[in-house]
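Me: I'd like to learn how to read a model like this one, feature by feature. Can you walk me through it?

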Amino acid sequence: MPKMNMLQAINNALDIAMAEDDKVLCFGEDVGVFGGVFRATSHLQEKYGRDRCFNTPLVEQGIIGFANGLAAQGSVPVAEIQFADYIFPAFDQIVNETAKFRYRSGDLFNVGGLTIRTPYGGGISGGLYHSQSPEAYFAHTPGLKIAVPRNPYQAKGLLLAAIRDPDPVIFFEPKRLYRASVGEVPEEDYQLPIGEAEVTKEGSDITLLGWGAQMEVIDRAVELAEKAGISCEVIDLRTILPWDEDTVVESVLKTGRLVITHEAPRTGGFAGEIAATVQERCFLYLESPIERVTGLDTPFPLTLEKEYLPDHLKIFEAIKASMAY
Amino acid sequence: MTTTHDVYSPSFMTGDEFHIPTFRLLQQDGTLHEGAAAPDLDQQKALKIYQAMLITRVLDERMMAAQRQGRLSFYMQCTGEEAAVIGATAALDDADMIMAQYREQGALVYRGFSYDEFMNQLFGNELDYGKGRQMPIHYGSRKLHYMTISSPLATQIPQATGYAYGQKLAGEGHCTITFFGEGAASEGDFHAALNMASVHKVPVIFFCRNNGYAISTPASEQFAADGIAPRAFGYRMHVIRVDGNDVLAVYQATQEARRMAVEQNQPVLIEAMTYRLAAHSSSDDPSGYRSRKEEEAWREKDPLLRMQRWLYDLGWWSEEEEKSWQESLRREVLETMKRAEKRPPPPLESLVTDVYADVTPALQRQLDALKTHIRKHPDAYPKGAQSLDPDVKAAGSELPSGDEQGGA
C-alpha cells in the first residue's frame, strides 16, 4: 500500500471524485494552476480542465454563494476556503443559506452536493489569523455536517464520503498535519462513515476524546498515562455534527471518566456540548468531573503558541487529576 | 490587467464622464415614443403578460386586505413593479431559473403558479411546498424553475452566478435571472456575484428593481452614484437602464440580455427604474418617510394602466374584459383563500425532516420528547396536538369563518 501525506491523500480523493463524476468541481482562491497554497488541488486543472478546477476572485462570500447556487443546480462543488480563519465573510452564506436550503424549501431544492474544504488549527506559527479552529460556530447550525480527519487514511475516506454525502459538509483539514502526517493509504476508492466516531484504542480507566490534529496529541499523552499504569480508551469523534453520542456514551459508561480536548477556546467550545450530553446520559456512572483541555479564552497567540496549545502534558495532567479525584 | 495610457499630471475621474440613458418604448398614454418600435410580441403573449400583471395586482390587493383583517400574518406587494418583474420573466425561456428576492410573485403568476399554490404557502398549511416553515410570500416551485425565497437580502445573487455557471457547463442553453432591489445591491454579495460572473463568463442576468426605497431609506441615502447601472463598468459587464414601468421596454431589454447570456456567455446587468407604490410590507407605513404627492406622481405612471391603454388601442383587450376579469379574479382569490385557511397545519414530524436528507438519531430523540410533552399539554399546542391525533379537534384551532368577516 502506498504511503501518502495528508495533502496527497486529499488530492487523491479529489482526483477520484472528479474522475468519477463530471459534475464535481473544485474551486477557490489559488486553487487552479497553482494547485492551492498548500497544493491540495495540484494537477487537477491540468487533468480536468479550467471549467472544472479554477481560481476564484478573492471573495469568500462569493465563493460559497456561487457554490450554493452550483449545488442547487445539481453540480457537486468542492469549494476551498484558503484558511478557516477567513471563512467568516461566508458565514451568512453557510449559516443562512447552505444549512437551511433543504429545510426552507420543503426539500424542493437542496445543496447537499456541497463540500467546503478548509485548513484549520494551530501549531504552524500562524498567529491569530492562520491558526483558528472555528468548528463550534458551525456546530450550532442544524443542517450542516462537519468532519475532521486525523491522518491521511481518514482524510481520503472522509473527504470522499463528504463529497458524496446527500448533505452539505464542512471538511476541516488539520493543516499542521498536511505534510507531517504520513501513512498508508489505499490507491483505490473507499469511504469512511460521516457521523460515526471511532474508538482508536480500547482501555478501561478513562476515555480520551478529540478530533483532527488533537488525536496525535492525545496519543502522546496516552503513552505517558499508560506508563503510569492508567488504561486509556481513545475516541476520534471524526464528525462534529451530527456527532456520535452513542459511541462516546458507551465508552464513558464503561470507564466512568472523560477528558475532552480541542484547540479552540474553552468557552462555547464543542467540548462543552459533549460534556453536557455525557452528564445527562452517564450521570450515575461518572467517577469524576468531565475534564476539558482546550485553548485559552483568548485570540490565538504567536510567540507563546506552545504555552497556549492544549498539548500532551496538559492532557496528561488532566488524566491524572481525573484519576485522583 | 488594465488597459491604460500614461498622463504626466494628476488626472482624476468620477464616473460622471459616462451618461447612462434610459431605454423606453411606451408612453403613459399607451402610445409608443417617437422613433420607438414595439418588440415582437403577438396578441396571445401580450395578453398573457397583461393578465399576469392584473392577477398579481388583484392578488396583492386581496391578500393585503386579508392581512389587515388578521387572517394572514404578513404580506408584501409587488404593486407598481409588475411590468418590471413580469416583462422580464416573459422574455425568458420558461425553463430558465429565477432567483428572486421576495417581491417577484408576478414571475410565478406568469409561469402558472396556481392560486391554491399561493394560498397554501401564505397560510403555511399542510399543502405548502415549504411545509409551513417560512413566513408568507416565501414561495418556491421546482417545476416552474423558481428558487424558494430566502429572507436574507442579496444571498441569491452569487447563488445565481453559481447556478448559471452550472447551466453553462450543462450546455442546454439555459440561463438564470436574479432579481434584487437597489438596497440589496449595497450588500457584499452583490459585488461578489457580478465580479465572479464577469470573470467566469456566466450566463446570468442581474435584474435590479430600483424602486426608490429600501424599507424607508431612499435611494439617495443608499448610494452616491448615478443609480446601480454604473457599477457594471467596474466589472466590465454589459448594462442597460430601462424604464421599469414600461413593460415593452423591459421585455425587449431582457430578451436581448438573454441572448447575450445564453449565446455569448455574457452576464448582463439590467437596472429597471420603477417605484414601490405600496408599503415595504404589511408591517410598514410609508407615510412616515415619503409624501402623498410623490406617491401620486408615481401612481400616474402605473405600469398596468400603461399596458392596458396600449392593448385597448390595438383592440387586443377591452374594458368589458377588464371588468369581468377583475370580478372573477377577486372571487377566485377569495374562494382559494377560504380553502387554504381551513386546511390543517403540516404534521409535527415536519419540524425535524429536511434538516438533513435523513432524520438524525439525535433529532428523532428530540421529536419523541416533544411528542410526549405535547400529549401532556395538548391544549397548549393545538396545531401539534391536532397532527398527533387528527381525529380529535384540538381546542384553539377554530378557523376564521370567511369573508363575511368583512371583505372590504
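Me: Where is the place of A:Pro242 in chain A?

Reply: A:Pro242 sits in the loop between β12 (239-241) and α9 (245-255) of chain A. Those labels are DSSP runs numbered from the N terminus, with helices being H or I of at least four residues and strands being E of at least two. Before we go on, this is a predicted model, where local features need pLDDT of at least 70, side-chain atom pairs count only at pLDDT 80 or more, and totals for chains, interfaces and linings use all residues. Residues are numbered from 1 along each chain as its sequence is written, while chains are lettered from A and ligands numbered from 1 in the order in which they are written.

Me: Okay, what is the peptide bond from A:Leu241 to A:Pro242, cis or trans?

Reply: Here's the general idea: most peptide bonds are trans, and most residues other than glycine have a negative phi. The bond from A:Leu241 to A:Pro242 is cis, with omega near -10°.

Me: And which phi does A:His43 have, positive or negative?

Reply: A:His43 is not a glycine, yet its phi is positive, at about 65°. Look for A:His43 in the loop between β2 (24-28) and α2 (44-48) of chain A.

Me: Let's zoom out. Which domains does the assignment give for chain A?

Reply: Domain bounds come from an automatic or database domain assignment. For chain A you get domain 1 (3-184) and domain 2 (198-324). Their C-alpha centres are 26 Å apart. Across the boundary, 24 residues of domain 1 of chain A are in contact with 22 residues of domain 2 of chain A, where contact means that C-beta atoms, placed from the backbone, lie within 7 Å. On the domain 1 side, α6 (135-139), β6 (145-147) and β7 (169-174) of chain A each supply at least two residues. That side has twelve nonpolar, eight polar and four charged residues. The nonpolar class is Ala, Val, Leu, Ile, Met, Phe, Trp, Tyr, Cys and Pro, the charged class is Asp, Glu, Lys and Arg, and the others, Gly among them, are polar.

Me: What does UniProt list for residues 4-180 of chain A?

Reply: An unreviewed UniProt entry lists "domain: Transketolase-like pyrimidine-binding" there. UniProt positions are given in the numbering used here, feature names are shortened, and annotations may be inferred rather than shown by experiment. Over residues 4-180, chain A is 36% helix and 17% strand, with the end C-alpha atoms 10 Å apart.

Me: Now helix packing. At what angle do helix α1 and helix α2 of chain B pack?

Reply: Two packed helices are described by the angle between their axes and the distance between the axes. For α1 (residues 43-68) and α2 (residues 82-90) of chain B, the angle is about 140° and the axes are 10 Å apart. Axes are lines fitted to C-alpha atoms, for helices over the stretch in contact, and angles run from 0 to 180 degrees between N-to-C directions. So α1(B) and α2(B) are oblique to each other; under 35 degrees counts as roughly parallel, over 145 as roughly antiparallel, 65 to 115 as roughly perpendicular and the rest as oblique. Residues making the contact include B:Ile49 and B:Met53 of α1(B), and B:Ile86 of α2(B).

Me: Last one: how many residues does the contact take from chain A and from chain B?

Reply: The contact takes 35 from chain A and 35 from chain B. On the chain A side, α3(A) gives the most, with ten residues.

Terms used: Contact = placed C-beta atoms within 7 Å.
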